[in-house]
Amino acid sequence: MFLDSDLLLSALRALTPILLAALGGALCERAGVFNIGLEGMMLMGCFTAVATSWFTGSPWLGVLAAALAAAGYSLILAVGAVTLRGDAVVLGIAMNLLAVGLTSFLLRTVFGVQGTFDDPALAGLPLIGGFTPLAHLSWVAVAVAGVLLSRHVWGLRLRGVGEAPDAAATLGVRPASYQYGAILLSGVLCGLAGAQLALGNVTLFSENMTAGRGWIAVVAVMLGRAAPLGVLLAALLFGLAEAAGFRLQGLGLPQQATDAAPYVVTLGALFLTTARRRRRPRPSGARS
């Protein structure tokens with residue numbers, strides 16, 4: 001049977017990195033910063049988690065180091081887009097490209113290998129109820145983000161900064177501080193996503209191992225309209241697509257076809273969302 005409980009469990013494992021990164025992207029979106037550098041932050045988290053876990057023997061130190069490294073890496077976006085008023089899209093693309101080159105260089109420099117680093121001594125994350133602690137944390141983070149954005153003062157001010165920064169400034173709110181906070185939090189969440197991918201889903205580091213998951217997280221933010229519950233549902237859709245791809249590969253389909261499954265779903269979801277928005281009637285008096 002194709003649709004069964006094993007497929008759902010596989011989807012829940014696959015969605016965790018996407019969900020964590022997408023929640024970070026949603027916070028940035030609410031702060032008025034379009035963050036497409038999620039892929040690069042995740043990749044930095046992957047490498048740092050593996051390197052720290054291998055040198056220290058502790059996956060938890062690897063997780064902590066991944067969160068800190070990705071947060072530090074996110075400062076490129078924070079300084080460039082918020083302080084220097086640069087284009088966030090250009091900065092995000094540059095961060096993604098830089099992360100690919102930098103992690104490949106560090107892989108050769110630190111481990112002396114090319115392509116993939118895999119060692120039996122590399123400590124991965126433990127499982128609790130079939131899932132890593134970071135997977136459980138991602139589900140809790142959805143609820144925390146929902147409460148934060150809808151009921152907490154910080155979250156309400158963050159939304160105000162994203163919707164009307166000048167009006168927020170007149171009320172004594174410093175937009176730059178909230179935007180910095182949102183970007184740094186997105187870096188932490190992307191670092192955790194990278195740690196989950198490198199020490200939870202697998203236990204290795206491979207060049208460009210994020211394989212577009214950061215871009216899928218950006219799409220999840222768009223589909224979920226930067227709402228935590230919407231982001232969760234979008235991430236679950238992509239997790240199901242990835243799990244279905246692995247299942248189809250086991251049934252004999254070519255690997256290239258099954259690897260494309262999440263991206264086909266991404267394009268389809270974007271097409272349907274765009275078509276639905278265009279069909280909505282315009283408000284009366286709107287210009288054609």
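## Helix packing and burial in a predicted model

Arg 225 lies in the loop between helix 9 and helix 10; helices (H or I, at least four residues) and strands (E, at least two) are DSSP runs, numbered from the N terminus. The structure is a predicted model, in which local features need pLDDT of at least 70 and side-chain atom pairs count only at pLDDT 80 or more, while totals for chains, interfaces and linings use all residues. Residues are numbered from 1 along each chain as its sequence is written, and side-chain values use heavy atoms, with hydrogens and water left out.

Although Arg 225 is not a glycine, its phi is positive, at about 55°. Ala 226, found in the loop between helix 9 and helix 10, also has a positive phi, of about 60°, and is not a glycine. Most residues other than glycine have a negative phi. The burial of each residue is judged by relative accessible area: buried means under 20%, exposed over 50%, and partly exposed in between (1.4 Å probe, protein chains only). Arg 225 counts as partly exposed because its relative accessibility is 42%, whereas Ala 226 is buried, with a relative accessible area of 3%.

**Overall architecture**

The protein chain contains twelve helices and two strands. Along the sequence, these elements follow the pattern α-α-α-α-β-α-α-α-α-β-α-α-α-α. Of the 288 residues in the protein chain, 47% are buried. Contact means heavy atoms within 4.5 Å. Among contacts in the protein chain with a separation of 6 or more, 77% join residues 24 or more positions apart.

Two packed helices are described by the angle between their axes and the distance between the axes. Here the axes are lines fitted to C-alpha atoms, for helices over the stretch in contact, and angles run from 0 to 180 degrees between N-to-C directions.

| Helix pair | Angle | Axis distance |
|---|---|---|
| Helix 2 and helix 9 | roughly 135° | within 7 Å |
| Helix 2 and helix 8 | about 55° | 7 Å |

Angles under 35 degrees count as roughly parallel, over 145 as roughly antiparallel, 65 to 115 as roughly perpendicular and the rest as oblique. Helix 2 and helix 9 are therefore oblique to each other, and their crossing is right-handed. A crossing is left-handed if the near helix is turned anticlockwise from the far one by less than a right angle, and right-handed if clockwise. On the helix 2 side, the contact with helix 9 is made by Leu 38, Glu 39 and Met 42, and on the helix 9 side by Arg 213, Gly 214, Trp 215, Ala 217 and Val 218. These residues divide into five nonpolar, one polar and two charged. In this classification Ala, Val, Leu, Ile, Met, Phe, Trp, Tyr, Cys and Pro count as nonpolar, Asp, Glu, Lys and Arg as charged, and the others, Gly among them, as polar.

Helix 2 and helix 8 are likewise oblique to each other, and helix 2 passes helix 8 in a right-handed crossing. By class, the contact of helix 2 with helix 8 has twelve nonpolar, six polar and no charged residues.

Eight of the eleven residues of helix 9 are buried, so helix 9 is largely enclosed by the rest of the structure. The buried residues of helix 9 are Arg 213, Gly 214, Ile 216, Ala 217, Val 218, Val 219, Ala 220 and Val 221.

**Core and buried positions**

A nonpolar core is a set of buried Ala, Val, Leu, Ile, Met, Phe, Trp, Tyr and Cys residues joined through side-chain atoms within 4.5 Å. The largest nonpolar core has 72 residues, of which Leu 77 and Phe 205 touch the most other members. Helix 8 (residues 175-201) supplies the largest share of this core, eleven residues. Not counting residues up to four places away in sequence, Leu 77 touches Val 33, Asn 35, Met 41, Val 82, Ala 88, Leu 91, Met 95 and Ile 183.

Ser 74 is placed in helix 3 (residues 59-83) and is buried, with a relative accessible area of 0%. With the exclusion of residues up to four places away in sequence, Ser 74 touches Met 41, Met 95, Ile 183, Leu 184 and Gly 187.

Ala 241, in helix 10 (residues 228-250), counts as buried at 8% relative accessibility. Ala 241 and Val 265 are 24 residues apart in sequence and 6.8 Å apart in space, C-alpha to C-alpha.
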